[in-house]
Amino acid sequence: MFSSSRSTKRYRCKTAKPRAAGVSGVTARHSRIRGFSQAKLGRARVLAVGAGGIISWLACPLVRKGVGVLHICDGDVVELSNLSRQMFVASDLYKNKAQRLARNLRRQGFCGTQLVAHPYMFEELLASGAVPEADIIIVGVDDDATRLTVMEYCRAHRIRVILIAVSPDADNGYVFVYEPNAACLACVLPDMVISARDGRKPCPGVPACLDILLTVAGFAAYVVDTLLMERPRTWNFRRVFLSGEGQDLAWNVPRRPDCAVCGSDPCQGHEVPKNWRHKNG
Ligand SMILES: [Zn+2]
């Protein structure tokens, strides 16, 4: 079992109500958007893997728009260099990222979102059978090994997953969406399997900047809506370049028969490893 010093913390955003009947509520403008369902968003349970540069900005629109439950897992602590591009303040320094992000998000939402902070890496939750139940998992970590582990977990449990990454030169980023029986991340980026299975970690100190993080976070926040309601999306892989030096892509990637992850497995009746259990509730 986990020690009590690394305990799960729970917070809740307030629910802001109009002062008088007939006055617009917090989310009134959403109802004017084609396909938007506030009720479906309010029932959704999302698990964010990582609480750094991508997730901290993606979590902000999720709670402001009114997601029902947001679980956040991350075992890292806030470092000084994080303050330039992650949603932390000086008093968060050297404290657990998941716990501090959830705490900071309390003031970002006005629709009663429940925030649950798990101060652990995804692999630790998996090993202890404590991965919370979620309708959508969002991965915002910077290593392929964790991306592949979550991808495999979601294939086994038939959970939709959004995977987000930015390039080492901070010029471009991608958002990939996996849905059961459709292409997996390795169908579009086959080299990630080699790097993941090598256990290769990203180099510390690579360029990193808030502009590209906010860009991909915005796309990913939109994807959450498309998975829950009738907002349109024609792609499962989106790549954007800030400089314009590369070509932006909005691509509906097909499954690749020779994919090292999903090529030989039709995803039907896929056996779930015994230790890959959900935590109920
Ligand atoms: Zn695949």
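Me: Leaving aside its neighbours within four places in sequence, which residues is Pro119 in contact with?

Reply: Pro119 is in contact with Arg6, Gly75, Asn96, Ala98 and Gln99, where contact means that the C-beta atoms of two residues, placed from the backbone, lie within 7 Å. This is a predicted model, in which local features need pLDDT of at least 70 and side-chain atom pairs count only at pLDDT 80 or more, while totals for chains, interfaces and linings use all residues. Residues are numbered from 1 along each chain as its sequence is written.

Me: What makes Pro119 count as buried?

Reply: A residue is buried if 20 or more other C-beta atoms lie within 10 Å of its own, exposed if 12 or fewer, and partly exposed in between. Pro119 has 25 other C-beta atoms within 10 Å, so it is buried. Pro119 is found in the loop between β4 (114–118) and α4 (122–127), these elements being DSSP runs numbered from the N terminus (helices are H or I, at least four residues; strands are E, at least two).

Me: Why is the protein chain called as compact as a globular protein of its length?

Reply: The protein chain has eight helices and eleven strands. Its radius of gyration is 18 Å, close to the 19 Å that the globule rule gives for 281 residues, so the chain is as compact as a globular protein of that length. The radius is taken over C-alpha atoms, and the rule is 2.2 Å times the number of residues to the power 0.38.

Me: How do you know that helix α2 is largely enclosed by the rest of the structure?

Reply: Eight of the eleven residues of α2 (residues 55–65) are buried, so the helix is largely enclosed. Among the buried ones are Trp57, Leu58 and Leu62, and what covers the buried residues includes β3 (69–73), α3 (97–105) and α8 (210–228).

Me: Why are α2 and α8 called oblique to each other?

Reply: The two helices pack at an angle of about 40°, with their axes 8 Å apart; axes are lines fitted to C-alpha atoms over the stretch in contact, and angles run from 0 to 180 degrees between N-to-C directions. Angles under 35 degrees count as roughly parallel, over 145 as roughly antiparallel, 65 to 115 as roughly perpendicular and the rest as oblique, and α2 and α8 are therefore oblique.

Me: Which residues of α2 and α8 meet?

Reply: Trp57, Leu58, Pro61 and Leu62 in α2 meet Leu213, Leu214, Ala217, Ala220, Ala221 and Val224 in α8. The residues of this contact divide into ten nonpolar, no polar and no charged, where Ala, Val, Leu, Ile, Met, Phe, Trp, Tyr, Cys and Pro count as nonpolar, Asp, Glu, Lys and Arg as charged, and the others, Gly among them, as polar.
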